[in-house]
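Hi,

Here is the structure I promised to pass on.

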Amino acid sequence: MTSAAPQHDDATGPAVDAGELRRAIQAGELVPWYQPIIELATGAVTGVEALARWIRPGGMVPPARFIPVAERDDLIIDLDLAVIRHALVDLHRWQRLHPGFELNINLSGRHLDSPAGVAGVIAAVESAGVPARTVAVELTETTRPAAADQSTAGLDALREHGLALWLDDFGAGYYDLRDLIRLPLDGIKFDRTFTGQLALPRTAPLLGALTAAAHQMGMRVTLEGIETSAQASAGRELDCDLGQGFLWSQPVPAEQVESWFGPASA
Ligand code: G
Ligand code: MN
């Protein structure tokens, strides 16, 4: 799999203005780009993660510059929903060629604290004409939702409608081991920091034990940030189910996703 897309995670450049971002969301300038998710045992692409990108006439605005602005108020709900709706249209098209193809979407903690936010996601999935079980919600870790400590009603509603729930960036954010016990999860994604530290003697024992525990709890595990084939092999040895990272591809626009439908090379 080749990828020429540049990396866009740097936060340098002038701050974006919330009003400008609001206008851009309404104008459809916020679109999903996609990164493949690979079954480590077979190298098959099982689906994609949709990542918000702001493409405007002057060029691309890095997510590190607009996500924090959006998360300061409920703008993140509109932003997430715009990207999710767009991604569901792409998913519907891809599933005609590849039934069962999966889509991971990122949901800010703010959605879980807002009944309208959760309802919006469920309505978007129901009207998209895709099986809900092919859509996984990644709970992102930039904020800890109050709901994570109080009620799991939002998460339960998503799951009752058939969506899968994953913890994103696990081990390096706001969620902790208590959440693995308490939240109705289908899987966890190990933060890419750990992948970068696989050479340290304590990393593999820790990830291996957490992976075994996750499997015993009926969850699956993704290793994020895989950049080398040695890291992919380590992920297989740790019994991680899925992998994601620049080894296979950086996030790319929808047009490039079709080329991944065959087995991935890794
Ligand atoms: O928080 P989340 O895991 O959803 O973040 C996804 C971001 O991680 C994307 O913006 C993507 O560009 C970045 N990313 C994806 N794969 C890799 C990787 O292999 N290495 C690094 N450094 N970043 C990655
Ligand atoms: Mn994610």
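Below is what turned up, taken one region at a time. Keep in mind that this is a predicted model.

Let's start with strand S5, residues 135-139. Five of its five residues are buried, so the strand is largely enclosed by the rest of the structure. Val135, Val137 and Leu139 point one way from S5, while Ala136 and Glu138 point the other way. So what does S5 pair with? With strand S4 (residues 102-107), S5 pairs in the parallel sense, over five bridges. Strand S6 (residues 164-170) also runs parallel to S5, and four bridges join the two.

Next, the ligand. How many residues surround ligand 1? There are 17, and the closest are Gln35, Glu49, Arg192, Glu224 and Glu227. By class, that shell has eight charged, five polar and four nonpolar residues. Strands S2 (45-56) and S6 each supply at least two residues of the shell, and S2 gives the largest share, with three.

A few polar distances are worth a look here:

- Glu227: an N or O atom of its side chain is 2.5 Å from a nitrogen atom of ligand 1.
- Glu224: a polar side-chain atom lies 2.7 Å from an oxygen atom of ligand 1.
- Arg53: an N or O atom in the side chain is 3.2 Å from an oxygen atom of ligand 1.

On its own, ligand 1 has 520 Å² of accessible area, and the protein covers 83% of that.

Last, the aromatic rings. Searching the whole structure gives three aromatic pairs. Tyr34 and Trp94 make an edge-to-face pair, with 4.8 Å from centre to centre and 80° between the planes. Tyr34 sits in strand S1 (residues 30-39) and Trp94 in helix H3 (residues 75-97), so this pair ties together parts that are 60 residues apart in sequence. Are these two buried or exposed? Both Tyr34 and Trp94 are buried. Together with Phe101, they form one aromatic cluster.

Trp54 and Phe66 form an edge-to-face pair as well, at 6.0 Å centre to centre and 80° between the planes. Trp54 belongs to strand S2 and Phe66 to helix H2 (residues 63-71), so here the parts tied together are 12 residues apart in sequence. Trp54 counts as buried, at 0% relative accessibility, and Phe66 is buried with a relative accessible area of 0%.

Cheers

Methods. Residues are numbered from 1 along each chain as its sequence is written. Chains are lettered from A and ligands numbered from 1 in the order in which they are written. This is a predicted model: local features need pLDDT of at least 70, side-chain atom pairs count only at pLDDT 80 or more; totals for chains, interfaces and linings use all residues. Side-chain values use heavy atoms; hydrogens and water are left out. Buried means under 20% relative accessible area, exposed over 50%, partly exposed in between (1.4 Å probe, protein chains only). Two strands pair if DSSP finds at least two bridges between them. A residue is near a molecule or strand if one of its heavy atoms lies within 4 Å of it. A polar contact is a pair of N or O atoms within 3.5 Å; within protein, one must be able to donate a hydrogen and the other to accept it, and residues adjacent in sequence count only if both atoms are side-chain atoms. Accessible areas come from the Shrake-Rupley method with a 1.4 Å probe; for residues, only the protein chains shown count as cover. Ala, Val, Leu, Ile, Met, Phe, Trp, Tyr, Cys and Pro count as nonpolar, Asp, Glu, Lys and Arg as charged, and the others, Gly among them, as polar. Rings of Phe, Tyr and Trp (its six-membered ring) pair if their centres lie within 6.5 Å; planes under 30 degrees apart count as stacked, over 60 as edge-to-face and the rest as tilted.
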